[in-house]
Every structure is written in C-alpha cells, then in structure tokens.
Amino acid sequence: GAPVLCSNTSSLPELAGDAALLVDPNDVRALAAGMTALVGDEARRQDMIARGYRQAAAFTWQRAAQAASDALERAARS
C-alpha cells in the first residue's frame with residue numbers, strides 16, 4: 001500500500017513495470033525529486049499505489065509454478 005521509488009538499474013524496471021517511479025540510484029537529486037514527487041502529490045501517490053497492487057497481482061505462486069513447469073517441459077523436449 002505504499003508508492004514505490006525504485007532504481008532504474010538491473011532487473012528492477014522489469015519487475016516494477018509502470019508501478020514504480022524509476023530513478024538513477026547514484027543521482028542524489030533524482031532520488032530527492034522522486035521522494036518529493038511521491039510525498040507532495042496525493043493524486044500521483046494514489047495512482048502509484050493502485051499500479052503497485054496491479055503489478056503485485058501478476059506475481060503469484062501459481063504463475064511461478066506454471067512458468068517453472070513450462071521451462072522444464074521445454075528443456076525436456078530439447
């Protein structure tokens with residue numbers, strides 16, 4: 001239930017999708033601006049929270065199990 005300010009590096013943008021405000025983790029000004037944006041704009045904060053819930057719903061044990069099963073089946077056919 002919290003808006004997410006996230007690093008724009010590694011796999012985090014892929015994981016976060018459009019549910020996080022992405023910034024350069026080495027840029028102090030970008031981090032500060034991101035925090036200010038999420039704290040100072042109620043509408044944006046609520047939008048990011050809603051996006052976060054939708055993004056989190058994509059990551060379930062059922063989907064993880066299905067993806068693992070699919071990968072094992074593809075490997076067995078190779």
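Student: Which exposed residues sit on the face of α2 turned away from its buried side?
Tutor: That face carries V28, R29, T36, V39 and G40. Exposed means over 50% relative accessible area, buried under 20%, and partly exposed in between, with a 1.4 Å probe and protein chains only. This is a predicted model, where local features need pLDDT of at least 70, side-chain atom pairs count only at pLDDT 80 or more, and totals for chains, interfaces and linings use all residues. Residues are numbered from 1 along each chain as its sequence is written, and side-chain values use heavy atoms, leaving out hydrogens and water.

Student: And which residues of α2 are buried?
Tutor: G34, A37 and L38. They cover an arc of only 90 degrees around the axis, so they lie on the same side of α2. The arc is taken from the directions from the helix axis to the C-beta atoms.

Student: What covers them?
Tutor: The cover includes β1, β2 (20-23) and α3 (42-57). Helices (H or I, at least four residues) and strands (E, at least two) are DSSP runs, numbered from the N terminus.

Student: What caps the N-terminal end of α2?
Tutor: D27, with a side-chain oxygen 3.1 Å from the backbone nitrogen of R29.

Student: New topic. Is S7 buried or exposed?
Tutor: S7 is buried, because its relative accessible area is 15%. S7 belongs to strand β1, residues 4-7.

Student: Which residues does S7 touch?
Tutor: Leaving out residues up to four places away in sequence, S7 touches L12, P13, L22, V23 and P25. Contact means heavy atoms within 4.5 Å.

Methods: Polar contact = N/O pair within 3.5 Å; in protein donor to acceptor, adjacent residues only side chain to side chain.
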